[in-house]
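Hi,

Here's the structure I promised to pass on. Have a look, and my notes follow below.

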Amino acid sequence: KIIHGGLRYLQQADLPRLLESARERRFFLMQAPHLVSPLPCIMPTRGVTFYSRPALWAAFTANDVLTFNRNRGVYPSRVMPPSRIVTKTEALQILPGIDSESVTGGAVWHDAIAYDTERLVVGMIRDAVAHGATACNYVQATDPLINQGRVRGIKARDRLGNNEIDIRARAVVHTAPATLHSFLSSFPTASRSRPCGWATMMNFVLRRQIIFTHAAGLHSRRGRLLFFVPWRGRTMVGTSCTWHEGDPAHPSLPEEDVDTLLQDIREAWPGADVSASDIAMILAGLVPASPPPYKGAEPRVARHFRILDHGRHDGLPGLITVIGVKLTTARDVAQHVINLVAAKIGRKIPPSISAQRPLPGGMTGDPEVFFAVAGQRAASFLPKSAATHLLTTYGTEWESVIKCADQRSELLRPLSAQCDVIGAQVVFAVRNEMAMTLSDVVFRRTGLATAGDIDPSALESCAQIMAGEFGWSEDKVRSEIASIRKDPFARNMITP
């Protein structure tokens, strides 16, 4: 959920990546200001080494100087303030219960955080469709279409109707490198080498908020740097990193990795007294990485995206694979890929204007002014927390969501007493965002389950509203509810 400004690249002296990340963070703050906001962060200063007051002051000052234009065009409430060093007293007030023995103060800086990253992805897809793209949901690419040694499109399967279809194209861009091996399995002379190795990275979402005003970077005894991040009334903590063996298309999460991360958390912040019962869900996934340099070390996670031209890599022109590393720079990576594809097919395209175009719902002006004005109107018929969720999730599109209620008052109420999602959001997802399964609405449209602890009553209400839209039978409703645990997102969201 962090929209990284690239501070970690400063330690690696990778200035191009630092500047790229800061630029793309500014894009999200400008073009999706309802979903992305500044996040104050703090790291205790200790001793006389890298984490001392002088060392961190120098590092953060250098970062401020290098990213001097980080706030250009950004609304006042989304401005990234300069970093600062605070006293030991102030640091311990922000972080009560940490091991304070060697603390000399704290370094405070700002990054950005997304209220709902799934909404950012949906927004980018909808923006592309609005400008000429065709998006196909529930369509699985199974094999490349190859003619005369060149990829001419893909063979695909409609996962809802189970129909096979051919989609022809002058170029194919493959953006799921974990599935590349199986995608090319029908091409006998293609390289069987993996495009990269993989590391399993894992975060916890805790049921209680143990930190309120800042995110915090704290170290465990073995030196693992963990971040504790306040988010939607909960706390995100991570990230662990372990080398992944086996098929990347079928990742697993060993129980000992969960136990190790929990132990690291307890060591990093003893006073928080985090236990297994605090874990609302576990988020885990694979990222590109190189093997550990020696036994006991962690994998080396890839810092840069890669664009793999299969015409050069394994003699299969017409196919390009993208190996990305983080959401923050997704727009910039896409721009590089489209420019490459255009050059390969001999097509001239105008310069991209995507960085200047707000995502759907993003034309708020200063978002805090928007939230204050629109919040008064929404709160006239919604509970305050539901109104806040609605405005933050949809920005200026919130009234379009309300219209989907079709003047049915029951759709303007939260799905249950334990959640802030209203029925009109479900209808909006079905009618405007290509959602045809309950899991899509729950995990990737409304935010109903992205903080863990799915409320059964809300899930039932959501399914019944979709049944009204699609004419589902009661058996179909029960089937959709049962399928929630089989969803790909749910497999990465392990609820204790």
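This is a predicted model: local features need pLDDT of at least 70, side-chain atom pairs count only at pLDDT 80 or more; totals for chains, interfaces and linings use all residues.

How many bridges join S8 to strand S16? Three, and S8 and S16 (residues 319-323) run parallel.

Residues are numbered from 1 along each chain as its sequence is written, and side-chain values use heavy atoms, leaving out hydrogens and water.

Back to the sheet: it is open, with three strands in the order S8-S16-S15 and mixed pairing (strands pair if DSSP finds at least two bridges between them; strands are DSSP E runs of at least two residues and helices H or I runs of at least four, numbered from the N terminus). S8 (172-174) and S15 (306-309) are the edge strands, each pairing on one side only. From one strand to the next, the twist averages 25°. Helix H9 (residues 330-344) packs on the sheet and touches S8, S15 and S16 (contact means heavy atoms within 4.5 Å). The direction of H9 makes about 165° with that of S16 (angles run from 0 to 180 degrees between N-to-C directions, and axes are lines fitted to C-alpha atoms, for helices over the stretch in contact).

Then there's a helix pair: the axes of H13 (residues 423-432) and H15 (residues 456-470) come within 10 Å and cross at roughly 45°. Among the residues that meet there are Val426 and Val430 of H13, and Ile465 and Phe470 of H15.

Cheers
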